[in-house]
Amino acid sequence: MWLKPALSYSSELAYGVGDLAEFRTAVDQIRQGIHRVGRPFEYILDRLDLPEEMAGVGGRVCLAEETLNGVQVAVEGYEHDGEITVYGVLDSINYPDSTSFLRHQYPSALPEPVQERLREVSKRVMRHIGWRLATFSIEFFYDPATDGISILEINPRHSQAHAELFAYVDGVPNHHCMLALALGENPAMPVRQGPYALAAKWYYRWFADGIVREVPSPEELARIEKEIPGVRIDIVPDEGQRLSDVDQQDSYSYELAHIFTGVPTSANCARSTTAVWPHYDSPSTARPTRRPTVRPTPRPERRMRYIENLPTPPSRRTTSGSRCRTASTSPRASGARSPRTTRPSRRSWSTSRTARAT
């Protein structure tokens, strides 16, 4: 199963758990960082009249999730004037043998009948919970072997990670929907009015700790973006920074760059990632790290200058697939308050129980 804070994003502090020892280790790690998002959320909760079922819950609670397998996909939409509208279906693709995202891709490559089922399930669910005047993003797993659809989570907002993808393909970012709703207008998202037929956000990651010795210069990035149309590159760590000190990382990898690509075919997307392949120095003195030792193998001719690798301890168990909520546990049960940590996680998690839809 998986254990993670109910309030977080970018898979921050989400851990795969295979036995009681790993469960206790995960709880200990989460206690150290859950306050980063949980404490500000509690500040807001203290100023609201909460429904009875939310009284005393607070912002520092965890979810235990059953592991799911299949194709991960996201559905975004909004409610306006009593109607639930779905404006996009996106694929979320992981690194091989990893739970870390490789890329988000829009539009989805799933068969159209499957996408239509996802849209209809999304509409039914959001109508059932009484969703009004806001955007949403539902994450699903589709299992091709059984043709089953499982809901992973319902996020009560659109995903900022998808903004550029909608702009590339449809002509406006998904922020347009929330802004239009705030102004009392019908968002009426354009469809396929952007300059590209396919867009992706790639997460260029490294699976071992290290120190950033040099980052690509603005001139280098500008050259790549000019040579490969539709590419935009955002470097995540700063020069001199230790990867394990970078905020908003998942528990099993480090983000080095976000690479946005807008191209006619998915095959052309890969050119941009090879163009900015980072380079690693020899291993140096180790510092304990929580990451597993699963790592890609850089091509020898590309080993140059950017990252000094730090050795990692023996691999932790990693779990393929992703997650679905089934139970909860509170790190606050011990009464401990967590110290400040600079290590957080991935995307926002919101709702509650495991749900299956067919």
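Predicted model: local features only at pLDDT ≥ 70, side-chain atom pairs only at ≥ 80, totals over all residues.
Glu139 stands opposite Glu153 in strand 8.

**Strands and hairpins**

Strand 7 (residues 135–143) and strand 8 run antiparallel and are joined by seven bridges. Strand 8 covers residues 148–155 and is mostly covered, with eight of its eight residues buried. Four residues lie between the strands in the hairpin of strand 7 and strand 8, where Asp147 has a positive phi near 65 degrees.

His104 in strand 6 is the bridge partner of Ser92. The hairpin of strand 5 and strand 6 has six residues between the strands, with Asp97 at a positive phi near 55 degrees.

**Cores and buried residues**

The largest nonpolar core has 19 residues, and Tyr204, Ile233 and Ile259 touch the most other members. At least two residues of this core come from each of strand 9 (198–206), helix 6 (218–227), strand 11 (231–235) and strand 12 (254–263). Another core lies apart from it and has 18 residues, including Val86, Leu110, Val125 and Phe136.

Cys62 is buried, at 2% relative accessibility, and Cys177 is buried, at 0%. The structure holds zero disulfides.

**Salt bridges**

Side chains of opposite charge can pair when their charged atoms come close. A search of the whole structure finds eleven salt bridges. Three of them are listed here.

| Salt bridge | N to O distance |
|---|---|
| Arg119 and Glu112 | 2.8 Å |
| Arg117 and Asp147 | 3.0 Å |
| Glu120 and Lys123 | 3.9 Å |

The salt bridge of Arg117 and Asp147 links distant parts of the chain: Arg117 is in helix 3 (residues 112–128), while Asp147 is in the loop between strand 7 and strand 8, 30 residues away. Arg117 is partly exposed, with a relative accessible area of 23%, and Asp147 is partly exposed, at 38%. Asp147 is also the residue with a positive phi in the hairpin of strand 7 and strand 8.

Glu120 and Lys123 both belong to helix 3 and are three residues apart, about one turn of the helix. Glu120 is partly exposed, with a relative accessible area of 32%, and Lys123 counts as partly exposed at 21%.

Salt bridges also link Glu112, Glu116 and Arg119 in a network. Glu112 counts as partly exposed, at 45% relative accessibility.

**A nonpolar surface patch**

Which residues make the nonpolar surface patch of about 520 Å²? Tyr43, Ile44, Leu48, Leu50, Met54 and Val57 make this patch. Val57 sits in the loop between helix 2 (35–45) and strand 3 (62–68). At 32% relative accessibility, Val57 counts as partly exposed.

Note on methods
Residues numbered from 1 in each chain as written. Heavy atoms only, no water. Disulfide = S-S within 2.5 Å. Buried < 20%, exposed > 50% of the residue type's maximum accessible area, 1.4 Å probe, protein only. Core = buried A, V, L, I, M, F, W, Y, C linked by side-chain atoms within 4.5 Å. Pairing = 2+ DSSP bridges. Patch = residues over 30% accessible without salt bridge, like charges linked within 9 Å, V, L, I, M, F, W, Y side chains within 5 Å. Areas by Shrake-Rupley, 256 points an atom, 1.4 Å probe, with all protein chains shown as cover. Salt bridge = Lys/Arg side-chain N within 4 Å of Asp/Glu carboxyl O.
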